[in-house]
Amino acid sequence: MRRLLLIVGFLALVSGLLWIGQGTGVIKWPSESFMINQLQWAGYGAALAGFGLILIWQSKR
């Protein structure tokens with residue numbers, strides 16, 4: 001169970017950071033993404049990254 005929490009948490013963290021980068025316009029990959037320069041996706045990404053950090057933290061307990 002701990003390994004599953006760690007893997008899901010890491011994937012959520014990486015996805016959230018990608019969404020933050022795309023939403024703020026820092027990451028323009030893939031170039032046809034609808035999330036580029038859309039700040040609401042940066043907010044969603046922050047929430048997802050925070051959730052991923054919580055899962056990672058829980059996997060270490």
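Q: What covers the buried residues of α2?
A: The cover includes α1. Helices here are DSSP runs of H or I with at least four residues, numbered from the N terminus. Buried means under 20% relative accessible area, exposed is over 50%, and partly exposed is in between, with a 1.4 Å probe and protein chains only.

Q: Before I go on, what sort of model is it?
A: It's a predicted model, where local features need pLDDT of at least 70 and side-chain atom pairs count only at pLDDT 80 or more, while totals for chains, interfaces and linings use all residues. Residues are numbered from 1 along each chain as its sequence is written, and side-chain values use heavy atoms, with hydrogens and water left out.

Q: OK, which residues in α2 are buried?
A: Trp41, Ala42, Gly45, Ala49, Gly52, Leu55, Ile56 and Ser59. Looking down the axis of α2, they fall within an arc of 140 degrees, so they line one face of the helix. That arc is taken from the directions from the helix axis to the C-beta atoms.

Q: And which ones are exposed on the other side of α2?
A: Leu39, Ala47 and Trp57.

Q: How far does α2 reach?
A: From first C-alpha to last, its 22 residues reach 32 Å, close to the 32 Å expected at 1.5 Å a residue. The expected span is 1.5 Å times one less than the number of residues.

Q: Back to α1. What does Leu5 touch?
A: Leu5, which lies in α1, touches Leu55, Gln58 and Ser59, leaving aside residues up to four places away in sequence. Contact means heavy atoms within 4.5 Å. At 23% relative accessibility, Leu5 counts as partly exposed.

Q: Now the aromatics. How many aromatic pairs are there?
A: Three in the whole structure. Rings of Phe, Tyr and Trp (its six-membered ring) pair if their centres lie within 6.5 Å; planes under 30 degrees apart are stacked, over 60 edge-to-face, and the rest tilted. One of the pairs is Trp19 with Trp41, edge-to-face at 5.4 Å centre to centre and 85 degrees between the planes.

Q: Which helices do Trp19 and Trp41 lie in?
A: Trp19 is in α1 (residues 2–24) and Trp41 in α2 (residues 39–60), so the pair ties together parts 22 residues apart in sequence. Phe34 and Trp41 have ring centres 5.7 Å apart and planes at 75 degrees, so that pair is edge-to-face.

Q: Is Phe34 buried or exposed?
A: Exposed, at 61% relative accessibility. Trp19 is partly exposed at 26%.

Q: Which residues form the aromatic cluster?
A: Trp19, Phe34, Trp41 and Tyr44 form one cluster.

Methods
Helix = DSSP H or I, 4+ residues; strand = E, 2+ residues; numbered from the N terminus.
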